[in-house]
Amino acid sequence: MFLTADHEHMALALRLAQRGLYTATPNPRVGCVIVRDGKVVGEGWHERAGEAHAEVNALRMAGNLAQGATAYVTLEPCSHHGRTPPCADALIAAGIVRVVAAMQDPNPLVAGQGIEKLRAAGIATAAGLMEAEARELNIGFVSRMTRGRPWVRVKIAASIDGKTALNNGISQWITGPDARCDAHVWRARSCAMLTGIGTVREDNPRLTVRDIETTRQPLRIVVDSRLETPLSARILEGGNALIATASEDKARIAALGKLGVQVVVLPNAQGKVDLSALLTELGRRDINEVMVEAGPRLNGSLLREGCVDELLIYQAPVLLGDNARGMVNLPELTDLSGKCELTIIERRAIGPDLRLIARLKQA
């Protein structure tokens, strides 16, 4: 169905889409390549919400050469009016004769309608070329559109024996500088960083992107059932922070509001934060990817409540011993049938450390 040249052009479109990795949110990362007579005449990608989509940027570069050309796009062209006009209409008006899409848009406002509009205009269409790669690039957007919640990635820095801190709480630094810099790359692509009140108390983190260049900082979220986050906490500096709580302390909420901090009250039956409801709330706020950097208690709670999709684990070639703190607090098992099953999708050396990416099987 697809020729070698089709694969080459779509691979280029995917590389272009990656240029929006840190900036396109909450929109998907999309790339487009326009080819006429075997030559690339237009390239584009979507950089920021509200700005031109990948197809429009590629058409601008192609100009009149778009007439009679093929467009390769990593996501089905949109068919509805959002902040910008429909890309399907722009492709039709430009005289494109063939459109190859890597995947159908999971957005219910599109969901096949873009392809249908192109076909109705007499344009040859095909979809599914390098779909897995395109879906992986927009795993958070797909999650939000299909499940109403973001993709949740839990980052853990640990020793070979699975320990994340000494018993006295000291954890800096288990992994090396290469691994820490790599973790900032994952922060930069995330829409939000999430931690718990315990980590705020012990480490007082900022949870900002610092080790790589970025024009956007993720929203910082604290799970704090009793609303005990100090007003002086570094994670609250500059606003762009949200606290999820079970407390309705109006005075405390007002004080946080003066700092530019948002508060959402989401109690569960036990007086803790309803983590599943929090993810639904984040989905409503157009959050695609959440990266968790927390302690074993919150990590365990997220796992127990089915709120984790992926683990990003950096393992250092060191041993910390039995009394050191573990990765997650989970109930003791008496039968291996209750084990939490993962699928490892990547192993990579990052400096002297090992990076593992593992997904929960239900994800």
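**Group meeting talk: binding-site residues and their surroundings**

Hi everyone, let me start with the annotation: an unreviewed UniProt entry lists Ser171, Arg187, Asp203, Leu207, Arg210 and Glu293 under "binding site". UniProt positions are in the numbering used here, feature names are shortened, and annotations may be inferred rather than shown by experiment. On a 1 Å grid over the protein atoms alone, a pocket is an open set of points with protein on both sides within 12 Å along at least five of seven lines, and lining residues have an atom within 4 Å of a point.

A word on what we are looking at. This is a predicted model, in which local features need pLDDT of at least 70 and side-chain atom pairs count only at pLDDT 80 or more, while totals for chains, interfaces and linings use all residues. Residues are numbered from 1 along each chain as its sequence is written, and side-chain values use heavy atoms, with hydrogens and water left out.

Arg187 belongs to helix α7, residues 177-189; helices (H or I, at least four residues) and strands (E, at least two) are DSSP runs, numbered from the N terminus. Is Arg187 buried or exposed? Arg187 is buried, because its relative accessible area is 8%, and the cut-offs are under 20% for buried, over 50% for exposed and partly exposed in between, with a 1.4 Å probe and protein chains only. Not counting residues up to four places away in sequence, Arg187 touches Met193, Leu207, Thr208, Val209, Arg210, Pro218, Met291 and Glu293; contact here means heavy atoms within 4.5 Å.

Arg210 sits in the loop between α8 (197-203) and β9 (219-223). With a relative accessible area of 43%, Arg210 is partly exposed. Leaving aside neighbours within four places in sequence, the contacts of Arg210 are His184 and Arg187.

Back to α7 itself. Its 13 residues should span 18 Å at 1.5 Å a residue, and the end C-alpha atoms are 19 Å apart, so the two agree; the expected span is 1.5 Å times one less than the number of residues. Besides Arg187, the buried residues of α7 include Asp182, His184, Trp186 and Arg189. Arg180 lies over the face of Trp173, at 4.4 Å from the ring centre. For a charge to sit over a ring, NZ of Lys or CZ of Arg must be within 6 Å of the ring centre and within 35 degrees of the ring normal. Arg19 gives another example, with its charged end over the ring of Trp45, 4.7 Å from the centre.

Trp173 leads us to another "binding site" entry. From the unreviewed UniProt record, this one covers Ala157, Trp173, Thr199, Ser225, Gly295, Pro296, Arg297, Leu298, Asn299, Gly300 and Ser301. Why do these residues not all gather at one spot? Because they span 145 residues in sequence, with the farthest two C-alpha atoms 28.4 Å apart. Of these residues, the lining of the largest pocket includes Ala157, Trp173, Thr199, Ser225, Gly295, Pro296, Arg297, Leu298, Asn299 and Ser301.

Where do some of them sit? Ala157 is in strand β6, residues 151-159. Beyond its neighbours within four places in sequence, Ala157 is in contact with Lys163, Thr164, Ile174, Thr175 and Tyr314. Leu298 is in helix α11, residues 296-304, and is buried at 12% relative accessible area. Not counting residues up to four places away in sequence, Leu298 touches Leu194, Thr195, Gly196, Val223 and Leu275.

Pro296 also lies in α11 and counts as buried at 17% relative accessibility. Pro296 and Asn329 are 33 residues apart in sequence, yet 5.2 Å apart in space, C-alpha to C-alpha.

Last, some backbone details. Most residues other than glycine have a negative phi, and most peptide bonds are trans. Here the bond from Thr25 to Pro26 is cis, with omega near 5°, and Pro26 is in the loop between α1 and β1. Asn204, which is not a glycine, has a positive phi of about 45° and lies in the loop between α8 and β9. Leu227 has a positive phi too, near 60°, and counts as buried at 5% relative accessibility.

Thanks, everyone!

Terms used:
On a 1 Å grid over the protein atoms alone, a cavity is a set of points where a 1.4 Å probe fits but cannot get out, and a pocket is an open set with protein on both sides within 12 Å along at least five of seven lines; lining residues have an atom within 4 Å of a point.
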